[in-house]
Amino acid sequence: MGRNKILAGVCPGVAGLLPVKLSALLVLVGGVARREEGCSNIRGELHLLMLGDPGTGKSQIMKWACRASPGRAVLTTGRGSSGAGLTVAATRDGNSWALEAGALVLADGGLCCIDEFDGIRPQERAVIHEAMEQQTVHVAKAGLVTNLSTRTAIIGAINPRPGTTVTCGRALTEVTGLEGPLLSRFDLVLLLADPRHPDWDRVVA
C-alpha cells in the first residue's frame, strides 16, 4: 500500500509499529482549530500517549518526531522536570523578577515530547491540565500576573507501573498511575507490548 511506503520513512530505524508511526505522523500534521457558537475554542493540535514495555521504540519515535517537526520542537523528560519547568517559572533578575518559559511554552506552535511522563510529580500534574486542553497557562507569581500560550502538540511516553503489564483488560489509571482527568487530555493512547517472540526478535535485531 502507498500508506505503508510513506510510513516506512517514519523512524526507519524501528521495525514495524506502523500504527504508532501513523499516529506520530498525524500528530505532526495536526488538525484544524475551530470555535463553536457558544463554546470555547476547540484545539487543533493532537496529543498522543504511548504506553509500552521498555525497549519497544517509544523514545526513538519521539526523537524522530522532534527532528521531523516543521515547527519548533522541545524534547524533555517528566522525571527531571517540575511543573514550573514544563510551564513557566519566576526567576529573580537583579532587584526584580522575570518569567522564564518552560518546555510547553517554548514549544508554542510546534511539538513537545515528554519522555517518562509519569515522572511528573502528582502535585504538579494539575498545571498540565490547562496547558493541554485550554492551551494557555495563567501565571500569578512574584507579583507578575499574565497568561501565556501553549498551542503545542504533545507526545508522551510512559512505561507500565511495576507489577503491571500492558493489556487492554486493565484500567489505564491502574497501569499508568495517571489520573483519569489527565489521561482524558490525550486524543490517542497506544499500547505497545513486547511480544517476546523469537522470530520477531530476529527481525528487530
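**Helix H6.** I began with helix H6, residues 126–133, in this predicted model. I looked up which of its residues are buried and found Ile128, His129, Ala131 and Met132. An α-helix has 3.6 residues a turn, so residues three or four places apart point the same way. I then checked what comes after H6 and noted Gln135, with a positive phi near 60°.

**The sheet.** Next I traced the strand order. Five strands make an open sheet, and I read the order as E4-E7-E10-E3-E11. The pairing is parallel.

I asked which strands helix H3 (residues 58–68) touches. It packs on the sheet and touches E3, E4, E7 (111–115), E10 and E11. The direction of H3 makes about 160° with that of E7.

**E3 and E10.** E3 (residues 47–52) and E10 (residues 153–158) pair in the parallel sense over 5 bridges. For His47, I found the bridge partner Ile154 in E10.

**Aromatic pair.** I searched for aromatic pairs and counted 1. Phe117 and Phe186 form it, edge-to-face, at 5.4 Å centre to centre with 75° between the planes. I call this edge-to-face because the planes are over 60 degrees apart. I placed Phe117 in the loop between E7 and H6. Phe186 sits in the loop between helix H8 (180–183) and E11. The two are 69 residues apart, and the pair links distant parts of the chain. Buried or exposed? I checked Phe117 and Phe186. Both are buried.

How values were computed. Residues numbered from 1 in each chain as written. Predicted model: local features only at pLDDT ≥ 70, side-chain atom pairs only at ≥ 80, totals over all residues. Heavy atoms only, no water. Buried < 20%, exposed > 50% of the residue type's maximum accessible area, 1.4 Å probe, protein only. Helix = DSSP H or I, 4+ residues; strand = E, 2+ residues; numbered from the N terminus. Pairing = 2+ DSSP bridges. Contact = heavy atoms within 4.5 Å. Axes fitted to C-alpha atoms, helices over the stretch in contact; angles between N-to-C directions. Phe/Tyr/Trp six-rings, centres within 6.5 Å; stacked < 30°, edge-to-face > 60°.
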